[in-house]
Amino acid sequence: MEPTTTIRSFIEDYIRKQGYTLQYFADISGVNAGTLSAIIKGTRPIAMAQLDLITKGMKLEEGHFYEIYGAECFVESAPHWRRLEPFLQRCAELDKLECIQRVIQQVTDDRSYISELFEMAEGMLERGQKKAARMLYECVAECEKYQHSERLALCQYRIFTLSLGQDQHENLRAAVHFEPYINRLDEERQLDAIKDLANTYLALRYWDKVSDLGGELEQKTSFLNSYKKRKSETLRIAAYPIFVYSAYSNLLRAAACDGREEYSEALRYTEAYSKLIRIEQPNEEDLIFINKFSGWAEVNHYLYRLMMGDSEVIRPYIAFIEKNEAEILPALVKIMEAANHHNIDVDAVLNRLESYISMYAKTYGDIGSYTEQITSGRYVQFLKEVAIYQLQRERYTTGFQYLLNCLALAKSMKSESIIIQCVALFERHRVRASIELEIKYKTLIEEVYSNYEKKSSFDRSFV
């Protein structure tokens, strides 16, 4: 498209080349002939609905004119919200993200639309238009006048959750950037923010941070409980019933103790959240979470005993997790850790759960209440532990295959700690590796090194 060419001239040129009358094109496009005439003459602006009808009438793909429409209506002239809102929404629906970015960069000069853009971002997020929503949140955050406003903090919270993925570097950066904004949120929303931040550090295996945030979550929940009792408020902003956060604060600290191999303490926190879910007259929603925490308490009771070397719990542990598929991968990780630490034979477990292990090799997205970030982190840990297990038993072909799979996934996740462990494990058993395995390993390590070089400038500035 020529920069000076307008949508009006395109329409006029199309009608002329096709040999249509104005009335005939009006009939096939569904736009009133008088309206069409005024649009072509430039005496009437084109509404989004009319633009879509005209585009369809010209047999062009949806959104064909959006780039030039955005330039005409919002870049070259002052934008009006009545026209800007439907344009941004249609761009989000058609995934025309470049058009959104170009237009909102222009809108940032006019702060009068910040409230509308924020509300629109919330709507997009609710409809699952996450990339478009994030663009709008970033625009609002950049333009927010008051740096301690709750709206700015909420934008940063949304950006944080939308930033999370498999890249552990990016997850850490997002967590560190967001953390200072937590206390600027509404008290109830702080509970969800702390929970999400703790889950991020949990996936990153930052056990001290997880423990600290678990303690902070308990303090915030206790304060909010006493505040609500005084105010007799019924309206809830938090995603879950308040007792859930009290229980989850203990579950987080149990997980941190587990990570630090403090299993007796982990059992103590498990007992604590078991008691917290014993509430009087639970409603239907309460019962959902009571059942979840009851299940977690039972499975974790088996888990921590197993990690202390009690192999007798493996059978009831497996019987329990087979009834809840979301718990199978976390259980497999811990079973393999226990097997390697206490020299327990778990071949029967691997054989019994082979179908699930094969499934995780193909996909490890969201499982149950666990996010993709947590699940992928667990899967890479599982691969590492199985590699150790098989190599210790001198099953070198199987062990090296798991090791290379682990290294490949750790590379894509940019998990440096797992990469280092994989390298150390390979070097320990290198003399048993075939030439073909050596070549595959070398290729992966070169890719890891290349990624590290690209990331090193960020790492230095981050430190």
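**Stop 1: helices α9 and α10**

Select K130, R134, Y137, E138, V140 and A141 in α9; these residues meet R151, L152, C155, Q156, R158, I159, L162 and S163 in α10. You are looking at a predicted model. Now show helix α9 as residues 130-143 and helix α10 as residues 150-163: their axes come within 9 Å and cross at roughly 145 degrees. The crossing of α9 past α10 is left-handed. If you colour this contact by residue class, you will find 7 nonpolar, 2 polar and 5 charged residues.

**Stop 2: helices α5 and α6**

Next, select residues 66-75, which form helix α5, and residues 81-93, which form helix α6. How do their axes cross, and within what distance do they come? The axes come within 12 Å of each other, with a crossing angle of roughly 160 degrees. An angle over 145 degrees counts as roughly antiparallel, and α5 and α6 are therefore roughly antiparallel to each other. Here, too, there is a left-handed crossing, with α5 passing α6. On the α5 side, the contact is made by Y66, Y69, G70, C73 and F74, while α6 brings R83, L84, F87, R90 and C91. Sorted by class, the contact of α5 with α6 has 7 nonpolar, 1 polar and 2 charged residues.

**Stop 3: R90**

Stay in helix α6 and pick out R90. Is R90 buried or exposed? R90 has a relative accessible area of 16%; because anything under 20% counts as buried, R90 is a buried residue. Show its surroundings, leaving aside neighbours within four places in sequence, and you will find R90 in contact with M48, D52, E62 and Y66.

**Stop 4**

Now for the largest nonpolar core, which has 96 residues. Which members touch the most others? Select I11, Y69, F87, L88, I100, F178 and F293 to see them. Then show helix α14, residues 242-259, which gives the most to this core, with 10 residues. There is also a second, separate core of 63 residues, and I314, I388, L407 and Y441 are among them.

Zoom in on F178 before you move on. Not counting residues up to four places away in sequence, F178 touches A153, Q156, Y157, F160, L185, A193 and L197.

**Stop 5: C406**

Go to helix α22 and select C406. C406 is buried, with a relative accessible area of 0%. Beyond its neighbours within four places in sequence, C406 is in contact with V380, L383, K384, I418 and C422. Try the distance tool on C406 and L383: their C-alpha atoms are separated by 5.3 Å, though they are 23 residues apart along the chain.

**Stop 6: two loop residues**

Finish with a pair of loops. In the loop between α18 (328-342) and α19 (347-352), select N343. N343 is not a glycine, yet it has a positive phi of about 55 degrees. N343 is exposed, with a relative accessible area of 62%.

Then move to the loop between α21 (372-392) and α22 (396-413), where E394 is found. What is the phi of E394? It is positive, about 60 degrees, although E394 is not a glycine. E394 is exposed, with a relative accessible area of 57%.

Notes. Residues numbered from 1 in each chain as written. Predicted model: local features only at pLDDT ≥ 70, side-chain atom pairs only at ≥ 80, totals over all residues. Heavy atoms only, no water. Axes fitted to C-alpha atoms, helices over the stretch in contact; angles between N-to-C directions. Helix = DSSP H or I, 4+ residues; strand = E, 2+ residues; numbered from the N terminus. Parallel < 35°, antiparallel > 145°, perpendicular 65-115°, else oblique. Left-handed = near helix turned anticlockwise from the far one by under 90°. Contact = heavy atoms within 4.5 Å. Nonpolar A, V, L, I, M, F, W, Y, C, P; charged D, E, K, R; others polar. Buried < 20%, exposed > 50% of the residue type's maximum accessible area, 1.4 Å probe, protein only. Core = buried A, V, L, I, M, F, W, Y, C linked by side-chain atoms within 4.5 Å.
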